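I opened my notebook to look up how this chain is put together.

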Amino acid sequence: METFLKIENIKLWARVGVLEEEREFGQLFSLDVFLWSDFEKCTESDDVKKSVNYAQLVQTLKDQAKKVYCFTIEKYSNEIIEIINKKFELFRIKIILTKCNPPIMGFDGKVSIVRILENP
């Protein structure tokens, strides 16, 4: 049975963007995280230590967002993937990082990057 943990709509304020104002003042991002692990150990024992501490993960990502300063969401998304991968033993990680209000004249949509990391 395939099982993954989904953490939706993590709000992050980060200084990412091509425009100087984006890096100076920051802007809102939304992050969805999908984590594949051996959740059977936790399922059988009901031991939280054998699962992913998602409260800790969310706090770590929020703390990291305060330190980010880069031009592209590609770079930022890579930093997020690396943090998650270092912190937990996971088979697969998928993230969707969304710039909620990209400063594009005449555009009121969102821009997202989807990244997937598979561990051997």
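**Overall plan.** I am working from a predicted model. I boxed the C-alpha atoms along the principal axes and got roughly 50 × 25 × 25 Å. I looked up burial next: 38% of the 120 residues are buried. Then I checked contacts with a separation of 6 or more. Residues 24 or more positions apart account for 61% of them.

**The sheet.** In what order do the five strands lie in the sheet? I found β3-β1-β2-β4-β5, in an open sheet with mixed pairing. I marked β3 (69-70) and β5 (111-118) as the edge strands, since each pairs on one side only. I reminded myself that strands of a sheet pair through backbone hydrogen bonds, either parallel or antiparallel. I then followed β4, residues 92-99, to its neighbor β5. The two run antiparallel, and eight bridges join them.

Next I turned to α4, residues 73-87. This helix lies across β1, β2, β3, β4 and β5. Against β4, α4 runs at about 145 degrees.

**A closer look at α4.** I checked its span from first C-alpha to last. The 15 residues reach 21 Å, close to the 21 Å expected at 1.5 Å a residue. Which residues of α4 are buried? I listed I73, Y76, S77, I80, I81 and I84. Seen down the helix axis, these buried residues fall within an arc of 140 degrees, so they line one face of α4. I recalled the general rule: an α-helix has 3.6 residues a turn, so residues three or four places apart point the same way. I also noted what the buried residues of α4 pack against: β1, β2, α3, β3, β4 and β5.

**Cysteines.** How many disulfides does the structure hold? I counted zero. C70 is buried, with a relative accessible area of 7%. C100 is buried as well, at 9%.

Definitions and conventions:
Residues numbered from 1 in each chain as written. Predicted model: local features only at pLDDT ≥ 70, side-chain atom pairs only at ≥ 80, totals over all residues. Heavy atoms only, no water. Pairing = 2+ DSSP bridges. Helix = DSSP H or I, 4+ residues; strand = E, 2+ residues; numbered from the N terminus. Contact = heavy atoms within 4.5 Å. Axes fitted to C-alpha atoms, helices over the stretch in contact; angles between N-to-C directions. Expected span 1.5 Å × (residues − 1). Buried < 20%, exposed > 50% of the residue type's maximum accessible area, 1.4 Å probe, protein only. Arc of directions from axis to C-beta. Disulfide = S-S within 2.5 Å.
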